[in-house]
Each structure stands twice: as C-alpha cells, then as structure tokens.
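This report describes the strands, the aromatic rings and the nonpolar core of one protein model. Please consult the sequence and the structure shown here while reading.

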Amino acid sequence: LTINRNHMNTKILTVISAGIAMVALSSCSETWEPKASGEGTLNLKAMSLDVDNSMTVVSRALPVVDLAPFAVRIIPADGSATQEFTYGTMPDILPLSVGDYTVEVESHRIQDAEWERPYYSGSKNFTIEKGKILDLGVVTASFKSLRVSVALSAERHEKMRADREVTA
C-alpha cells in the first residue's frame, strides 16, 4: 500500500479550509451595518438655552438666571471623549463625527447642602449626519432644586415677636 503524502496534505488543507469557511459564513448577520464614517457639523450658534423656572410660587418675582456660566457637554453615544465648555464660551460651529449624541446643560455642579443656588439641568438627543449642518434649537434646563418659601400674611408679620427677623 503506497500513500502519496502530497495528496494527503492537499486533502487535509481542503478540509481545514472548508471548516474555516463554514465558521466564517455562519457568523455573518443580516442586520450588520457598517459604522457610518465622516463628519457633520453642529451649529451651536443657533442653540438657545431656555430656563424653565416653573414651580408653585407664593413670593416675589423669580430671580434672573445668568446663562453664561452654564456647563454645556456634548456626549457621544459611542462613549468617546465628551466635549465641555460654558454656554458663554461655546464655539459657534462644532465639527463632529457621524453618530448619536446628547447635549447636557447644567447651571453648576451640585455641592452638598447648598442652599442659596438654584440648580437647573436639561438635555437633548441629536444625530450628526455626514456632510450636514444640524441646528440644535432650544435646550430647556428645568429647575431641579428643592425650594421652600414661607409667606406670611401682613397680620402674622406684625404679630411676630421682636426677637425674630422677618424680611418681606
């Protein structure tokens, strides 16, 4: 019995190649889509920040909110680097890679037991498309603090003891 080694090696390589091809073909998915590439542009000049101060109020007018120091963060959905700047210093135009993002705005970083600074925050999702300019529009930052106000009638105000200070 004579065995041709070249013929045997060829059969082994053919079987191994067929196995690799079967594994590769069986791992394909019909729902696979290549990641979009390229850049689009976010027009931040057209973004406006609206502060929603809505709450039940039994006192004087609400304070005017300075928007310039609000933190603005552009957060990519893919987990890549977040860009951050203040509302007063953000660029007019921001080139971004194609994909999904969230813009978050925040009046300030919350500190423990901070009583005197109202806290506002909000967010908006958006998608950057290749070669297109996106106007983000309005992002609303809502009042998120706990606010307590005590309103006294004029009669109660007059009856307060002298050792109590009440400002109206």
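Which residues have the most contacts inside the largest nonpolar core?

## The nonpolar core

The model under discussion is predicted. Its largest nonpolar core has 21 residues. Those with the most contacts inside this core are Leu42, Met47, Ile74, Leu96 and Phe126. The elements E3, E5, E6, E7 and E9 each give two or more residues to the core.

The surroundings of Leu96 may be examined in detail. When neighbours within four places in sequence are set aside, Leu96 is in contact with Gly38, Glu39, Gly40, Leu42, Ile74, Gln83, Tyr101, Phe126 and Ile128. Among these partners, Leu42, Ile74 and Phe126 are also listed with the most contacts inside the core.

## The sheet of three strands

Strands of a sheet pair through backbone hydrogen bonds, in either a parallel or an antiparallel manner.

Strand E1 (residues 39-43) and E5 run antiparallel and are joined by five bridges. Within this pairing, Leu42 stands opposite Leu94 in E5.

## The sheet of six strands

A further open sheet has six strands, arranged in the order E2-E9-E7-E6-E3-E4, again with mixed pairing. Its edge strands, strand E2 (48-52) and strand E4 (83-86), each pair on one side only. On average, and with direction ignored, neighbouring strands of this sheet are turned by 20 degrees against each other.

Strand E3 (residues 71-76) and strand E6 (residues 99-106) run antiparallel, with six bridges between them. Here Val72 is placed opposite Val105 in E6.

## The aromatic rings

A pair of aromatic rings is described by two quantities, the distance of the centres and the angle of the planes. The model contains three aromatic pairs. One of them, formed by Tyr120 and Phe143, is edge-to-face, with 5.6 Å from centre to centre and 65 degrees between the planes. Because Tyr120 belongs to strand E7 (residues 120-128) and Phe143 to strand E9 (residues 138-143), this pair ties together parts that are 23 residues apart in sequence.

Are Tyr120 and Phe143 buried or exposed? Both residues are buried. Ring pairs also link Phe70, Tyr120 and Phe143 into a cluster.

Conventions
Residues are numbered from 1 along each chain as its sequence is written. This is a predicted model: local features need pLDDT of at least 70, side-chain atom pairs count only at pLDDT 80 or more; totals for chains, interfaces and linings use all residues. Side-chain values use heavy atoms; hydrogens and water are left out. Two strands pair if DSSP finds at least two bridges between them. Helices (H or I, at least four residues) and strands (E, at least two) are DSSP runs, numbered from the N terminus. Axes are lines fitted to C-alpha atoms, for helices over the stretch in contact, and angles run from 0 to 180 degrees between N-to-C directions. Rings of Phe, Tyr and Trp (its six-membered ring) pair if their centres lie within 6.5 Å; planes under 30 degrees apart count as stacked, over 60 as edge-to-face and the rest as tilted. Buried means under 20% relative accessible area, exposed over 50%, partly exposed in between (1.4 Å probe, protein chains only). A nonpolar core is a set of buried Ala, Val, Leu, Ile, Met, Phe, Trp, Tyr and Cys residues joined through side-chain atoms within 4.5 Å. Contact means heavy atoms within 4.5 Å.
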